Number of protein chains: 2
Amino acid sequence: MLTAQAVVFADHGEPSEVLRTHTYEIDEKNLDANSIIVKTVGSPVNPSDINQIQGVYPSQPEKTTALGTEQPLAVCGNEGLFEILHVGSKVTNFQVGDWAVPTSVNFGTWRTHALCTADKMMKLPNPKQSKANGKKQGLTVNQGATISVNPLTAYLMVNHYVKLTPGKDWFIQNGGNSAVGKYASQIGRILGINSISVIRDRPNLEETVKDLQSTHGATHVVTEEQNNSREFNVEMKKWVDQTGGKIKLALNCVGGKSSTAVARKLGPNGLMLTYGGMSYQPVILPTSLHIFKNITSAGFWVTELLKSNPQLKRETMDQIVEWYEEGKLVDAKSVELKFDGSDLAKVYQDAIANSKDGKQLVVY
Amino acid sequence: MLTAQAVVFADHGEPSEVLRTHTYEIDEKNLDANSIIVKTVGSPVNPSDINQIQGVYPSQPEKTTALGTEQPLAVCGNEGLFEILHVGSKVTNFQVGDWAVPTSVNFGTWRTHALCTADKMMKLPNPKQSKANGKKQGLTVNQGATISVNPLTAYLMVNHYVKLTPGKDWFIQNGGNSAVGKYASQIGRILGINSISVIRDRPNLEETVKDLQSTHGATHVVTEEQNNSREFNVEMKKWVDQTGGKIKLALNCVGGKSSTAVARKLGPNGLMLTYGGMSYQPVILPTSLHIFKNITSAGFWVTELLKSNPQLKRETMDQIVEWYEEGKLVDAKSVELKFDGSDLAKVYQDAIANSKDGKQLVVY
């Protein structure tokens, strides 16, 4: 028997109040032929994980008695990196020691171990395998544990909707300094797509601009004020004209005035994808942009898109893995908290409390 | 020689100041083999015609010296019904007496006569032809002269974007008492598509609701206040649930809060088409509708859509004509002004001044 811990909740509420550790046993000796047992390598805290616990997120984990409780419980967490500990006799796609991430959201990744059927996991190369395959480098724990949301969101938004011609076309994005924003501009650079990253003014502006351009591949970085200025727009138009392309895509994770300003930069028939609303303001689009420039405004939610298309998830993840292994893509750093084996819920409650200091990753 | 008048402008400005009548001659004796001469039966004043003259509309007629002037001039007007007066020797698709409307916008319809190549006009049945074809009734001058914008806009928005299942699915629209709104609800009724028309509260509300339901085919009519009320939304949800369908399409010609309220009624993956902005407020869409309900917001501009697709215009117009001939579709009434043969610009200037009392149609 293997003793496992999971962070669970029975009722929605603030994580500090409703989360608790449930300890249970997994019988590795009598493993079902199609099942696997995994141990967690690391799993992060995403804002949506917190919103799920609070009950204000539209995608929710099922509450079940599968962990041997009388009361139905949900296990928290949606992203995580796992290592295969045991495989059932009929499992062919995994070997002990492989790395894997959940096929779908709502797996419940805030736990030390999990028992599941093999189809619930997708394989990632572990560092030894990457080396054996002649790759420049293997995935880090952070890269594996955070691959499913932000890099996939960035890749799919840049690639899945609008045909952007390398060397010519552009996308513009607000929240250019966010994790998704940094992945998007990097992916743009890898693919030869120009980008304009809009960010808020800040004390260390020059340094941030430099970092976004050199490390994170943004072709240009502008402030929200510049993006709202008619004079500066003349300058921006020159950048785009010089490449002979158009701004065909806008990525919006802010809303309000900022969403209006990025939408205004789109060329005719352009698309704005909204994947967040950091300002808590709605998307605001002048009627003339819709009618006379044929701008379309749509939403992007990686959870819903990939739920119905695991093959797309597989392909997209393979591409991200390849870029990580080649050292072409830099991951968004996380603050790591080590689980010491005592009380798992406490670790995640601390991580949630620290989330204001950056994305938190619990490593096991 | 045939003496013609056209309402022209050399420079943009207020119609009362910049419009003038240009009188010129058309040589019907030496007609080019591929050309036709038409006389105007009627042409209306659309808001976009006025905006073109003011120079605030993105689609503009070309200014030319084709009418024998030294200064380049543009002829006003985009919609109109014409009768064929003369046909060139190689013209096969028109006969004298046929009715026609311009193939494209920016034809310059505010004139007594026009000389053009035959491809610049699309045939409509005149009343004699409708009768000969055994139709219940022929087109009226108002129906022919106003067919190109509002009925086509309504038909294409309801039919061209979202698959709505007859007897089950719904669309919701604000501006339900506008000309396009009335066409849309009628077309919905003809096709078996349910509709909710949102209108502003008004003194004769009950009468307007009755008219929109009985004459104009709206399944339900609600006020903006009702559409904004959570309590009333429970009622609206019942209507939709009863048919086993969904609200898959929203038509917005108002913007602002009204656009938010109709978008909120859409089911998952619904589309809002914006074709006007009567409130002068932008389209406002909560981020969650984009991300979690996958609502898309797009624009509709009949001018641009049909510019690249004359075949679609032909097919759509044929459908509208058929419904008019069968008496299934009621046209939006216009206020008719008769041109007395003196000064054509004056007639249109009067019509523009009277536009607040309803759509104006100049008949010849």
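Predicted model: local features only at pLDDT ≥ 70, side-chain atom pairs only at ≥ 80, totals over all residues.
The structure holds two cavities of 30 Å³ or more, and the largest cavity reaches a volume of about 50 Å³. The lining of the largest cavity is formed in chain B by Thr146(B), Asn150(B), Ala179(B), Tyr183(B), Ala332(B), Ser334(B) and Lys359(B). By class, three nonpolar, three polar and one charged residues surround the largest cavity.

Because Lys359(A) lies in the loop between α14 (344–353) and β17 (360–363) of chain A, while Glu79(A) lies in the loop between β4 (74–75) and β5 (81–87) of chain A, the pair ties together parts that are 280 residues apart in sequence. Over all chains, the structure holds 23 salt bridges.

Between chain A and chain B, by contrast, the count of salt bridges is zero, whereas five residue pairs are in polar contact, with both residues at pLDDT 80 or more. On the side of chain A that touches chain B, the elements β14 (283–285), α11 (287–291) and β15 (296–299) of chain A each supply at least two residues, and the largest share, four residues, comes from β15(A). Sorted by class, this side of chain A has 14 nonpolar, ten polar and no charged residues.

The extent of the contact can be described both by residues and by area. Chain A contributes 24 residues to the contact and chain B contributes 24 residues, and the area buried between chain A and chain B is about 1,800 Å², of which carbon and sulfur atoms give 67%. Within the area that chain A buries against chain B, His290(A), Ile291(A) and Phe292(A) supply 30%, which is more than any other three residues.

Note on methods:
Residues numbered from 1 in each chain as written. Chains lettered and ligands numbered in written order. Heavy atoms only, no water. 1 Å grid on protein atoms, 1.4 Å probe; cavity = no way out; pocket = protein on both sides within 12 Å on 5 of 7 lines; lining within 4 Å. Points joined across faces, edges and corners; volume = space filled by probe spheres on them. Nonpolar A, V, L, I, M, F, W, Y, C, P; charged D, E, K, R; others polar. Contact = heavy atoms within 4.5 Å. Buried area = accessible area lost by both parts, 1.4 Å probe. Salt bridge = Lys/Arg side-chain N within 4 Å of Asp/Glu carboxyl O. Polar contact = N/O pair within 3.5 Å; in protein donor to acceptor, adjacent residues only side chain to side chain.
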